[in-house]
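Me: I'd like to go through this one with you before I set anything up. Could you take my questions as they come?

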Amino acid sequence: EDRRVVRVRDVHGTFHRVDVTEADEPERPLLEHYSLVEERDLAALLPEELAEDDFVAFFQNPETSWRPYAAGLPWIRDSQCRKKLSSCLKKLDTIGAEESCIAYISSESGAGGTTLARMLAWECAREGYPVLMARAVPFIPNALPVANFLNRIRHQIDDQTTHDKESGGEQGDSQAPGGDGRDVSRRYETPWLIVFDSLHWQYRDSELVRFLNELEKSGRPVCVLVVTGSVLGLSFFNTSTFKSVAELNHALDGSEARQLGRHLNRFLRVYGKERQDWQWDQFYQDHNVRYLEGTSAFWVTLSFWIQGQYDLSESIQQWMYRSFKANAREQIVQNAILEIAALSSERLPLPEALLPVAAGQWPVSHLLEDAK
């Protein structure tokens, strides 16, 4: 449990399990700001194997566990996004660091960009491309410590793969895909996928390009996957560096809503909560995009409906307001929730130091936890 083991493919496509625990520097730990998709996270699950607690937790916060991703819970509207990201990694596989690029998911707020990025990251890690995930806290990424971290891991990967070959048996899946015309004269290095959410590079695309260039100069082959807003900066139109993976919005037609319902029914059936097609149709008709100007309540409502907290007898806005009034009785708690919501609309957490100061014995953070 205290070791960090990642799955890594070699030049022939064979998988190795590499312990990278010692690669992080204790004085300047990179993994304070990033996390790895580890070997333990990559065992595929059947829908019947996903506990209902994990199912509900995914709708509360899709970043708490990899188990819903291993079970295939996220619904991918466009399967082409997998092929587009895979194409970027295969170019890196074949040519090397000079093919490093920035893949991006353009998404309206709340339309599922972060969830899609995590699903693609899990699938890439399963294919033996190691993944570094930026944590969902604001920080300014620095290319130098990332490059140094990847370089230290490269040496460990070389040692591990050499050891596996000398021992006469590969540690990994013998059915992993083989080589495909790579330049064998080039020293092979496994490409990395580095994933950032919109809060890390918003309105700073020139700095993002600089980040990629520094990693490329260090010789590290990386694909940087970024979630962006629906409005893109000029840099994103440079197609030699930026590669579009998916465009997500809140618009959903009736057939897509039914597909989503049938997908979720694979899990709801296990918990005895399966919805019929007519229920999904009615849900779509009552909560699609036309009820709000420019923003859909569909996904928000779906989350609460799936969890069994909301019965559709009133609008989601009425239910939210009634719950707010009933559970946040103190003025200071109401103010704190509204401040948190304001920053959340821009994908930013509210630092605890900015919460209102309570006059009583308990800090506002404790009062919020009680109300929750």
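Predicted model: local features only at pLDDT ≥ 70, side-chain atom pairs only at ≥ 80, totals over all residues.

Me: OK, how many salt bridges does a search of the whole structure find?
Reply: The search finds 20 salt bridges, a salt bridge being a side-chain nitrogen of Lys or Arg within 4 Å of a carboxyl oxygen of Asp or Glu.

Me: Which side chain does R220 meet in a salt bridge?
Reply: R220 pairs with E189 at 2.7 Å, N to O. R220 sits in the loop between α7 and β7 and E189 in the loop between α5 (143–166) and β6 (192–196), so the pair ties together parts that are 31 residues apart in sequence. Helices (H or I, at least four residues) and strands (E, at least two) are DSSP runs, numbered from the N terminus.

Me: Are those two buried or exposed?
Reply: Both R220 and E189 are buried, where buried means under 20% relative accessible area, exposed over 50% and partly exposed in between, with a 1.4 Å probe and protein chains only. R220 and E189 are also linked with R154 and D158 in a network of salt bridges.

Me: And what does R258 form a salt bridge with?
Reply: The partner of R258 is D281, with the closest N and O atoms 2.2 Å apart. R258 belongs to helix α8 and D281 to helix α9, so this pair ties together parts that are 23 residues apart in sequence.

Me: Switching to R275, where does it lie?
Reply: R275 lies in the loop between α8 (254–268) and α9 (277–287). R275 is buried yet has no salt bridge, and the nearest side chain of opposite charge, E52, is 8.3 Å away; for charge, Lys and Arg count as positive and Asp and Glu as negative, with His and the chain ends not counted.

Me: What does the R275 side chain reach, then?
Reply: The side chain of R275 reaches the backbone oxygen of W305 at 3.0 Å. Leaving out residues up to four places away in sequence, R275 touches N265, L268, W280 and W305, contact meaning heavy atoms within 4.5 Å.

Me: Which residues line the largest cavity?
Reply: The lining consists of E52, F55, V56, L268, Y271, K273, I306, Q307 and G308, and helix α1 (residues 52–60) gives the most, with three residues. About 30 Å³ of space lies in this cavity. On a 1 Å grid over the protein atoms alone, a cavity is a set of points where a 1.4 Å probe fits but cannot get out, and a pocket is an open set with protein on both sides within 12 Å along at least five of seven lines; lining residues have an atom within 4 Å of a point. Grid points are joined across faces, edges and corners, and a volume is the space filled by probe spheres set on the points.

Me: How many residues line the second largest pocket?
Reply: There are 23 lining residues, and Q202, Y203, T228, G229 and V231 lie nearest the centre, with about 480 Å³ of space in the pocket. The largest share of the lining, three residues, comes from β7.

Me: Y203 again: what is its phi?
Reply: Y203 has a positive phi of about 65 degrees although it is not a glycine, and Y203 is exposed, with a relative accessible area of 73%.

Note on methods. Residues numbered from 1 in each chain as written. Heavy atoms only, no water. Polar contact = N/O pair within 3.5 Å; in protein donor to acceptor, adjacent residues only side chain to side chain.
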